[in-house]
Amino acid sequence: QVQLVESGGGLVQAGGSLRLSCARSGSILGINAMGWYRQAPGKQRELVATITNGGTTNYADSVKGRFTISRDNAKNTVYLQMNSLKPEDTAVYYCNADRRWLGVRHDYWGQGTQVTVSS
């Protein structure tokens with residue numbers, strides 16, 4: 001099993017910054033990538049950013065140039081630095097672990113952290 005605990009959400013004005021953290025515990029076997037997703041009210045959960053074991057990053061077009069995903073392997077923690085925040089970034093942000101086991105993908109999720117950007 002993989003356990004994920006997010007922190008760092010809050011209320012910020014447009015143009016401001018926040019840094020989200022995701023602490024991972026449990027088994028690391030088969031972990032292919034870590035990522036951040038978000039879900040706004042009335043909308044589907046969407047990918048924000050991912051980082052693979054090899055360090056390759058991927059971002060949603062809407063956050064490119066503003067958000068940065070990184071990790072600290074010694075601390076088993078993944079971060080999402082969010083700059084130039086916009087009201088449309090308001091959502092619950094979820095940490096994700098993409099685990100591959102016997103060719104099957106298993107997704108693990110944190111409890112989510114609320115990010116609210118005021119205009």
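1. Salt bridges. The count comes to 7 salt bridges, a salt bridge being a side-chain nitrogen of Lys or Arg within 4 Å of a carboxyl oxygen of Asp or Glu. This is a predicted model, in which local features need pLDDT of at least 70 and side-chain atom pairs count only at pLDDT 80 or more, while totals for chains, interfaces and linings use all residues. Residues are numbered from 1 along each chain as its sequence is written, and side-chain values use heavy atoms, with hydrogens and water left out.

2. Arg38 and Asp89. The closest N and O atoms of the salt bridge between arginine 38 and aspartate 89 are 3.0 Å apart. Because arginine 38 lies in strand E4 and aspartate 89 in the loop between strand E8 (77-82) and E9, the pair ties together parts that are 51 residues apart in sequence. Strands (E, at least two residues) and helices (H or I, at least four) are DSSP runs, numbered from the N terminus. Both arginine 38 and aspartate 89 are buried; buried means under 20% relative accessible area, exposed over 50%, and partly exposed in between (1.4 Å probe, protein chains only).

3. Other ion pairs. Arginine 105 forms a salt bridge with aspartate 98, with the closest N and O atoms 3.6 Å apart. Here arginine 105 is partly exposed at a relative accessible area of 38%, whereas aspartate 98 is buried at 5%. Salt bridges that share partners also join Arg38, Glu46, Arg66 and Asp89 into one network. Lysine 64 and aspartate 61 meet through their side chains in a salt bridge of 3.1 Å, N to O; aspartate 61 is exposed, at 63% relative accessibility.

4. Strand E9. Of the 11 residues in E9, 8 are buried, so the strand is mostly covered. E4 and E9 run antiparallel and are joined by 8 bridges; two strands pair if DSSP finds at least two bridges between them. Arginine 38, the salt-bridge partner of aspartate 89, stands opposite tyrosine 93 in E9. On to strand E10 (residues 104-109), E9 has 6 bridges, again antiparallel, and tryptophan 101 has valine 104 in E10 as its bridge partner. E9 and E10 form a hairpin with 2 residues between them, and leucine 102 in the turn has a positive phi of about 55°.

5. Strand E11. The covered face of E11 (residues 113-118) holds Thr113, Val115 and Val117, and the uncovered face holds Gln114, Thr116 and Ser118. E11 pairs with strand E2 (residues 10-13) in the parallel sense over 4 bridges, with leucine 11 and threonine 116 as bridge partners. With E9 (residues 91-101), E11 pairs in the antiparallel sense over 3 bridges, where glutamine 114 is the bridge partner of valine 92.

6. Nonpolar patch. Leu29, Trp101 and Leu102 make a nonpolar surface patch of about 380 Å². Patches are made of residues with over 30% relative accessible area and no salt bridge, like charges being joined within 9 Å and nonpolar side chains (Val, Leu, Ile, Met, Phe, Trp, Tyr) within 5 Å. Leucine 29 is in the loop between strand E3 (18-26) and strand E4 (31-39) and is exposed, with a relative accessible area of 52%.

7. Thr57. Threonine 57 sits in strand E6 (residues 57-59) and is partly exposed at 37% relative accessibility. Leaving out residues up to four places away in sequence, threonine 57 touches Thr50, Ile51 and Ile69, contact meaning heavy atoms within 4.5 Å. Glycine 35 is 22 residues from threonine 57 in sequence and 9.2 Å away, C-alpha to C-alpha.

Note on methods: Areas by Shrake-Rupley, 256 points an atom, 1.4 Å probe, with all protein chains shown as cover.
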